[in-house]
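These are my notebook entries on a structure that I had not examined before. I set down each item in the order in which I looked it up.

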Amino acid sequence: MRKEKRQVRVGNIKIGGNSPVVVQSMTKTKTADIKRTVQQIKRLERAGCEVVRLAVRDRTEARALKEIKQKVGVPLVADIHFDYRLALLAIDSGIDKIRINPGNIGGPERIQEVIKKAKDYCIPIRIGINAGSLPEEILKKYSHPTPEAMIETLNRTLEVFYKNSFYDIVISAKCASVVDTLRVYEMIHNLCDFPLHLGITEAGLLLPGAIHSAVGIGILLSQGIGDTIRVSLTADPVKEVIAGFEILSSLNLRTTGPKLVSCPTCGRCEVNLKKIAHRVEQKIKNLKKPLTIAVMGCVVNGPGEAKEADFGIACGKGIGAIFAKGREIKRVKESKLVEELWEVIDENTGD
Ligand code: SF4
């Protein structure tokens with residue numbers, strides 16, 4: 001059960017309250033390269049990404065946000081480190097949210113400047129704590145970037161926000177360790193009611209990164225912790241969005257389009273199931289309906305899963321039975337399976 005948090009608005013997207021968990025990603029282009037950045041944001045939008053963050057390293061990039069904003073529809077977040085003045089410029093450029101890192105943004109008077117401007121423009125601020133960049137004095141005190149060190153960093157930063165009566169806050173506290181991430185987010189969840197942005201930072205390459213993120217983010221979400229997620233991968237950012245929605249869909253928190261159930265195959269399989277599953281995945285990827293489609297390798301679990309799904313294939317030796325809404329419709333040769341399944345889906349859904 002999710003404990004209801006405060007809600008903030010990032011452009012037209014709501015984070016927290018009783019809103020669905022929001023999926024976000026980050027561009028990997030140089031923000032000053034407006035053309036490539038816009039192209040990447042548009043790819044992210046098409047993949048369903050709901051909020052996009054951009055690295056803002058200097059004044060040129062902070063100014064570039066204005067033109068980028070005009071060319072895309074998705075709300076944008078400026079990721080600011082070291083220089084609070086870039087946050088001020090990004091806000092002038094029309095950014096929808098600011099992320100600051102308390103470990104490197106400077107003292108309270110600098111944070112205060114950002115708060116003042118964010119208040120004027122009615123945009124939220126994410127306090128984005130990162131285990132890899134905690135304030136020096138806190139690192140000295142704790143020796144290591146422990147969850148306790150991150151909590152002390154958060155409390156000190158929140159003091160500044162409270163003093164300035166600013167509550168349009170999202171919090172993140174990312175670690176590369178899944179175990180530390182779980183501890184720190186559980187602590188924050190009990191500490192305050194600001195919406196939480198979840199992620200495992202520097203999670204890794206596509207497969208290990210997606211697994212670490214799924215475990216960390218998934219455990220927290222299953223405890224009702226978290227309002228927005230970013231899966232950080234050393235990969236195309238579109239993959240981050242796909243992974244994010246897969247995590248949400250596996251917990252029944254969001255359903256976007258069809259879900260493919262396919263068996264891993266084993267020695268009993270007598271068709272090229274991997275090829276069939278890939279072709280079905282390609283065919284269904286533009287469907288908007290939340291259908292379940294099963295592609296199964298043999299009679300052990302095949303008919304059962306195919307019947308339970310909205311549509312399915314249960315294969316035999318060089319052939320497969322096609323199922324729709326729990327009933328076997330026909331049996332066809334392996335070479336015709338995907339097209340025939342697609343026809344059945346088309347007839348039954350009109351997609
Ligand atoms: Fe093996 Fe059949 Fe199970 Fe697929 S459905 S993994 S082929 S036993």
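**Entry 1: the largest pocket.** I began with the largest pocket, whose volume comes to about 1300 Å³. The model is a predicted one, and I keep that in view throughout. I then asked which residues are the closest to the centre of this pocket. Of the 32 residues in its lining, they are Ile242, Glu246, Thr256, Pro258 and Lys285.

I next looked up which elements supply the lining. Helix H1 (34-46), helix H8 (206-222), helix H9 (237-250), helix H10 (273-284) and strand E11 (259-262) each contribute at least two residues to the lining of the largest pocket. The greatest share is that of H9, which gives nine residues.

**Entry 2: the chain as a whole.** I turned to the overall make-up of the chain. I recorded 12 helices and 15 strands. The C-alpha trace spans about 70 × 40 × 30 Å along its principal axes. The chain has 351 residues, and 52% of them count as buried. I also looked up how far apart in sequence the contacting residues lie. Taking contacts between residues at least 6 apart in sequence, I noted that 63% join residues at least 24 apart.

**Entry 3: helix H12.** I examined helix H12, which covers residues 337-349. Its 13 residues reach 18 Å from the first C-alpha to the last, close to the 18 Å expected at 1.5 Å a residue. I listed its buried residues as Leu337, Val338, Glu340, Leu341, Val344, Ile345 and Thr349. Why do they lie on the same side of H12? They do so because they cover an arc of only 165 degrees around the axis.

I then asked what covers the buried residues of H12.

Entry 4: I located lysine 289 in the loop between H10 and E12. Its relative accessible area is 34%, so I class lysine 289 as partly exposed. Lysine 289 and threonine 349 are 60 residues apart along the chain, yet their C-alpha atoms are separated by 8.6 Å. Threonine 349 is itself one of the buried residues of H12.

Entry 5: Asparagine 252 has a positive phi, near 60 degrees. I placed asparagine 252 in the loop between H9 and E11. Is asparagine 252 buried or exposed? Its relative accessibility is 67%, and it therefore counts as exposed.

Lysine 325 also has a positive phi, of about 50 degrees, although it is not a glycine. I found lysine 325 in the loop between E14 and E15.

**Entry 6: isoleucine 225.** I located isoleucine 225 in the loop between H8 and strand E10 (228-230). Its relative accessibility is 2%, so isoleucine 225 counts as buried. I looked up its contacts, setting aside neighbours within four places in sequence, and found Tyr185, Glu186, His189, Leu196, Leu198 and Leu220. I also noted the separation from arginine 46, which is 179 residues away along the chain: the two C-alpha atoms are 27 Å apart.

**Entry 7: threonine 201.** Threonine 201 sits in the loop between strand E9 (197-198) and H8. I class threonine 201 as buried because its relative accessible area is 9%, where the cut-off for buried is under 20%. Apart from residues up to four places away in sequence, threonine 201 touches Asn130, Lys174, Cys175, Ala176 and Ser232.

**Entry 8: glycine 106.** I found glycine 106 in the loop between strand E6 (97-100) and helix H4 (108-121). At 36% relative accessibility, glycine 106 counts as partly exposed. From glycine 106 to aspartate 33 I recorded 73 residues in sequence and 28 Å in space, C-alpha to C-alpha.

**Entry 9: aromatic rings.** I closed with aromatic pairs. How many does a search of the whole structure find? It finds three. I also noted that Tyr162, Tyr167 and Phe194 form one aromatic cluster.

Terms used. Residues are numbered from 1 along each chain as its sequence is written. This is a predicted model: local features need pLDDT of at least 70, side-chain atom pairs count only at pLDDT 80 or more; totals for chains, interfaces and linings use all residues. Side-chain values use heavy atoms; hydrogens and water are left out. Rings of Phe, Tyr and Trp (its six-membered ring) pair if their centres lie within 6.5 Å; planes under 30 degrees apart count as stacked, over 60 as edge-to-face and the rest as tilted. Helices (H or I, at least four residues) and strands (E, at least two) are DSSP runs, numbered from the N terminus. The expected span of a helix is 1.5 Å times one less than its number of residues. Buried means under 20% relative accessible area, exposed over 50%, partly exposed in between (1.4 Å probe, protein chains only). The arc is that of the directions from the helix axis to the C-beta atoms. Contact means heavy atoms within 4.5 Å. On a 1 Å grid over the protein atoms alone, a cavity is a set of points where a 1.4 Å probe fits but cannot get out, and a pocket is an open set with protein on both sides within 12 Å along at least five of seven lines; lining residues have an atom within 4 Å of a point. Grid points are joined across faces, edges and corners, and a volume is the space filled by probe spheres set on the points.
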